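Subject: Structure handover and findings

Hello,

Here is the structure we talked about passing on. My notes follow below it.

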Amino acid sequence: MAVTTAQSTFREDLLNGKTAIVTGASRGIGAAIAHRLCETGANVVICSRSADTITQVANTLQDSGHTVQAIVADISQKADVETLIKKTIAQFAQIDILVNNAGITRDMLLMRLKDEDWDAVLQTNLTGTMYCTRAVLRPMIRQRSGRIINISSVIGLMGNAGQANYAAAKAGILGLTKATAKEVGARGITVNAIAPGFITTDMTAQIPEQSQEQILEMIPLRGFGDPEDVADAVCFLASDAARYITGQTLQVDGGMVM
Ligand SMILES: NC(=O)c1ccc[n+]([C@@H]2O[C@H](COP(=O)([O-])OP(=O)(O)OC[C@H]3O[C@@H](n4cnc5c(N)ncnc54)[C@H](OP(=O)(O)O)[C@@H]3O)[C@@H](O)[C@H]2O)c1
């Protein structure tokens, strides 16, 4: 489990009284986002597929005095997403911020890619993001406000050999972000994406050392990102400081893609 304790530079009351949902928050970037949203005053609902790890993250945050609810939900399943949203409304009466973070990889060169690995990545990363987004629109439209933040990837911008499924899903998220931003802007809802570069988590730990060295050469800021770098960008987009920003993709990649 990787719950960060790195200090936030945001005001403690930045998101006071807001309710946020973070998908895929049992480790890595999602856990860091949940931590930052808590530190800045939000009530946070976190989900993942594994009960043990999501409960552990919630317990750690609750022990620090934060208001957090853990819900076991597989975002690739529409019924799970509906339950996630219903439980959040039942507990907090509103949803101000949705962070679509949950994602998986099933890497293989396209020639050898199995249908089930294409389907799994598209179903979780793209369709799951759509399910969660669609489900929060009604409550957000009723409130006439909301922030939806989709975690895409630089791979969705530039492609990557061996990741056709992941690149397609992450590029799809960018299209989904822009279309939704246009549909709901007049209702006071912003929809933005973040495209992280190489962030040190369990997901990137699988990349062989030699490939990691090659990636490092492509990064002008000469280092990999931490989950907190993405979490800080989420806090900014969720805050009033970003009220006039919608349909955009914020790259958190050390300058890797420009
Ligand atoms: N790390 C990077 O360098 C990087 C770069 C660009 C983009 N990203 C994106 O950032 C996001 C987080 O990445 P990460 O590196 O933190 O990954 P990670 O360490 O593998 O964590 C993924 C999280 O998503 C959850 N998850 C996976 N499938 C799920 C599902 N169907 N329903 C609900 N939760 C699910 C996992 O928990 P369970 O397994 O318990 O469900 C876990 O909490 C992903 O969307 C990833 O594509 C990461």
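A residue is called buried here if 20 or more other C-beta atoms lie within 10 Å of its own, and exposed if 12 or fewer do. Please keep in mind that this is a predicted model.

Ile149 shows the rule at work. Ile149 sits in strand β5. It has 27 C-beta neighbours inside 10 Å, so it counts as buried. Which residues does Ile149 touch, not counting residues up to four places away in sequence? They are Val99, Asn192, Ile194, Val234, Leu237 and Ala238. Val191 is another residue to look at: it is 42 residues from Ile149 along the chain, yet their C-alpha atoms are separated by 5.9 Å.

Val44 belongs to strand β2. Val44 is buried because it has 29 C-beta neighbours inside 10 Å. Leaving aside neighbours within four places in sequence, its contacts are Ala20, Val22, Ala34, Leu37, Cys38 and Val68. Ala34 is 10 residues from Val44 along the chain, with 6.7 Å between the two C-alpha atoms.

**Helix α2**

Helix α2 covers residues 51-63, 13 residues in total. From first C-alpha to last, α2 reaches 18 Å, close to the 18 Å expected at 1.5 Å a residue. Its buried residues are Ile54, Val57, Ala58 and Leu61. They cover an arc of only 95° around the axis, so they lie on the same side of α2.

What do the buried residues of α2 pack against? The partners are α1 (28-39), β2 (43-48) and β3 (68-72). The other side of α2 has Ala51, Asp52, Asn59 and Asp63, which are exposed. After α2 comes Gly65, with a positive phi near 90°.

**Helix α9**

Helix α9 runs over residues 227-238 and has 12 residues. Its reach from first C-alpha to last is 17 Å, close to the 16 Å expected at 1.5 Å a residue. Is α9 mostly covered or mostly exposed? It is mostly covered, with 10 of its 12 residues buried. The buried set is Pro227, Glu228, Asp229, Val230, Ala231, Ala233, Val234, Cys235, Leu237 and Ala238.

**The α3 and α4 pair**

Two packed helices are described by the angle between their axes and the distance between the axes. For α3 (residues 78-92) and α4 (residues 115-143), the angle is about 35° and the axes are 9 Å apart. The crossing of α3 past α4 is right-handed. On the α3 side, the residues that meet α4 are Lys78, Val81, Glu82, Ile85 and Ile89. On the α4 side they are Tyr131, Cys132, Ala135, Val136 and Pro139. By class, this contact has 8 nonpolar, no polar and 2 charged residues.

**Loop residues**

Most residues other than glycine have a negative phi.

Ala93 has a positive phi, near 70°. Its place is in the loop between α3 and β4. Ala93 has 10 other C-beta atoms within 10 Å, so it is exposed.

Arg222 has a positive phi too, near 55°. Arg222 lies in the loop between α8 (209-217) and α9. With 9 C-beta neighbours inside 10 Å, it counts as exposed.

Arg106 is in the loop between β4 and α4. Is Arg106 buried, exposed or partly exposed? It has 16 C-beta neighbours inside 10 Å and so counts as partly exposed. Not counting residues up to four places away in sequence, Arg106 touches Asp117, Ala120, Val121 and Asn165. Thr249 is 143 residues from Arg106 in sequence and 24 Å away in space, C-alpha to C-alpha.

Best wishes

Note on methods: Residues are numbered from 1 along each chain as its sequence is written. This is a predicted model: local features need pLDDT of at least 70, side-chain atom pairs count only at pLDDT 80 or more; totals for chains, interfaces and linings use all residues. Helices (H or I, at least four residues) and strands (E, at least two) are DSSP runs, numbered from the N terminus. The expected span of a helix is 1.5 Å times one less than its number of residues. The arc is that of the directions from the helix axis to the C-beta atoms. Two residues are in contact if their C-beta atoms, placed from the backbone, lie within 7 Å. Axes are lines fitted to C-alpha atoms, for helices over the stretch in contact, and angles run from 0 to 180 degrees between N-to-C directions. A crossing is left-handed if the near helix is turned anticlockwise from the far one by less than a right angle, and right-handed if clockwise. Ala, Val, Leu, Ile, Met, Phe, Trp, Tyr, Cys and Pro count as nonpolar, Asp, Glu, Lys and Arg as charged, and the others, Gly among them, as polar.
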